[in-house]
Amino acid sequence: MSFRSLIQDMKDEFGNISRHGLRSSRSHRAAAGAGAPRGASVGLGLADALEGTCWAQLPPELLREVLVRIEDSQGCWPSRRDVVACAGVCRAWRGIMKEVVRVPEASAKLTFPISLKQPGPKDGTLKCFIRRNRTTQTYYLYIGLTEALADDGKFLLAARKCRKPTYIDYLIYLDMGDMSKGSSTYIGKLRSNFLGTKFTVYDAHPPYDGAVVSKSRSARVIGLNQVSPRVPAGNYPVSHISYELNVLGSRGPRRMNCVMSSIPASAVEEGGKAPTQTEFPLGNLDSFPSIPFFRSKSARIDSAPTQAQDEEKLVLKNKSPRWHEQLQCWCLNFRGRVTVASVKNFQLVASDENGAAGQEHDKVILQFGKIGKDLFTMDYRYPISAFQSFAICLSSFDTKIACE
């Protein structure tokens with residue numbers, strides 16, 4: 001049997017194992033709700049099903065080679081779910097996949113939920129899009145599956161707008177089906193001031209070692225299932241966004257400034273590093289009952305634990321558009337990724353405050369633009385993450401009376 005046939009046979013058989021395992025995992029969750037021992041693994045169904053197959057006796061070296069081939073061959077979604085499924089079989093497979101799957105910075109791939117908190121690729125961008133639901137005031141982030149501006153997409157994140165008397169919160173979740181107060185899939189938020197001119201992005205988890213939690217009145221508690229304790233979600237400020245006041249009422253594009261509190265200015269320089277989260281808190285493992293392995297899925301990238309605290313912060317500013325005489329409008333080159341003129345459209349580059357202007361500072365780190373009534377593209381790259389990019393783009397949706 002050829003190696004290719006071996007891998008294909010493994011995929012076919014694993015598909016049957018996965019379906020059986022998912023049914024078993026549901027029964028495990030039901031048992032857990034009825035008082036199963038704390039810490040019981042919901043992935044036992046897959047492991048038990050695997051033991052009765054030839055894969056249980058596969059030599060470790062050959063198993064690793066098979067999993068490496070699967071990871072290499074499943075480069076994009078939806079086929080990349082095979083990689084995710086392999087990591088959920090058992091502890092041995094999970095350990096191999098943790099070593100095999102690289103962070104988005106190096107692979108330009110989003111595989112596990114923790115990838116959404118890790119910096120984007122250094123070479124190229126990750127092309128995503130956002131759908132807005134005006135009725136429910138919710139926003140959904142997807143990564144594109146094709147070269148089209150928008151398609152069915154692979155869901156990444158969801159946000160819900162919550163209006164308060166003196167501010168507005170955009171709460172961000174990993175699950176579009178559970179955006180309730182106290183949801184275990186809550187990972188952060190965007191908060192605006194009364195005028196909608198200043199925003200702060202909060203991460204529910206420490207963005208780097210030594211991160212200081214904000215003294216916010218609205219400390220959230222993640223309510224997990226019955227077999228896990230409640231886990232507090234902190235407010236760690238990772239970005240401060242400000243829009244310039246338009247006191248004279250002159251027409252023109254918005255001017256925005258983003259101070260990335262968790263990223264040093266040196267991250268955009270040659271050889272620079274940005275802090276990289278490698279795992280969610282241990283207590284959040286039970287938050288994802290269907291695939292119980294979201295703790296650490298990527299090779300670690302060495303970054304100084306207190307780097308973001310000791311060094312100058314990265315500052316992003318919107319790229320200044322040019323006035324087009326024939327079209328009589330402000331224009332930016334979005335390279336075909338934006339089709340509708342809107343005051344919300346922007347491109348962010350590293351500010352000259354971070355050092356002398358050069359080629360590195362001309363690179364667009366995040367761009368956002370309108371392509372339909374409630375459809376927008378979002379493309380980002382290193383050193384910011386999908387979570388940070390989504391939060392920054394959400395700030396553009398908010399009404400800014402003093403800026404327009």
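Angles under 35 degrees count as roughly parallel, over 145 as roughly antiparallel, 65 to 115 as roughly perpendicular, and the rest as oblique. Keep that scale in mind for a pair of helices below. This is a predicted model, where local features need pLDDT of at least 70, side-chain atom pairs count only at pLDDT 80 or more, and totals for chains, interfaces and linings use all residues. Residues are numbered from 1 along each chain as its sequence is written, and side-chain values use heavy atoms, with hydrogens and water left out.

Start with the helices. Helices (H or I, at least four residues) and strands (E, at least two) are DSSP runs, numbered from the N terminus. Helix α3 covers residues 60–73, and helix α5 covers residues 91–100. Their axes come within 10 Å and cross at roughly 50°. Axes here are lines fitted to C-alpha atoms, for helices over the stretch in contact, and angles run from 0 to 180 degrees between N-to-C directions. So α3 and α5 are oblique to each other. The crossing of α3 past α5 is right-handed. That term applies if the near helix is turned clockwise from the far one by less than a right angle; anticlockwise makes it left-handed.

Which residues of α3 and α5 meet? From α3 come L63, R64, L67, V68 and E71; from α5 come W93, I96, M97, E99 and V100. Contact means heavy atoms within 4.5 Å. By class, this contact has 7 nonpolar, no polar and 3 charged residues. Ala, Val, Leu, Ile, Met, Phe, Trp, Tyr, Cys and Pro count as nonpolar; Asp, Glu, Lys and Arg count as charged; the others, Gly among them, count as polar.

Now turn to the strands. A closed barrel of 12 strands runs β1-β2-β3-β4-β5-β6-β9-β10-β11-β14-β15-β16, with antiparallel pairing. Neighbouring strands of this sheet are turned by 20° against each other on average, direction ignored. Strands of a sheet pair through backbone hydrogen bonds, either parallel or antiparallel. Here, two strands pair if DSSP finds at least two bridges between them.

Look at β1, residues 126–133. β1 pairs with β16, residues 375–380, in the antiparallel sense over 6 bridges. C128 has M378 of β16 as its bridge partner. β1 also pairs with β2, residues 138–143, again antiparallel and over 6 bridges. There R131 stands opposite Y140. The hairpin of β1 and β2 has 4 residues between the strands, and Q137 takes a positive phi near 55°.

β16 has another partner. β15, residues 366–372, pairs with β16 in the antiparallel sense over 6 bridges. F368 stands opposite M378.

Move on to β6, residues 198–203. 5 bridges join β5, residues 186–192, to β6, and the two run antiparallel. K189 stands opposite Y202 in this pair. The hairpin of β5 and β6 has 5 residues between the strands, and G196 takes a positive phi near 75°. β6 also pairs with β9, residues 236–243, in the antiparallel sense over 6 bridges. V201 has S239 of β9 as its bridge partner.

Why is β6 largely enclosed by the rest of the structure? Because 5 of its 6 residues are buried. Buried means under 20% relative accessible area, exposed over 50%, and partly exposed in between (1.4 Å probe, protein chains only). F199 lies in β6. At 2% relative accessibility, F199 counts as buried. F199 and H240 are 41 residues apart in sequence but 5.8 Å apart in space, C-alpha to C-alpha.

Finally, check the backbone. Most residues other than glycine have a negative phi, and most peptide bonds are trans. A108 is not a glycine, yet its phi is positive, about 60°. A108 lies in the loop between α6 (104–107) and β1. With a relative accessible area of 32%, A108 is partly exposed. R335, also a residue other than glycine, has a positive phi near 55°. R335 lies in the loop between β13 (329–331) and β14 (346–350). Is R335 buried or exposed? R335 is exposed, with a relative accessible area of 71%.

Two peptide bonds deserve a look. A cis peptide bond joins W77 and P78, with omega about 10°. P78 sits in the loop between α3 and α4 (81–87). The bond from Y382 to P383 is cis too, with omega near 15°. P383 is found in the loop between β16 and α9 (386–397).
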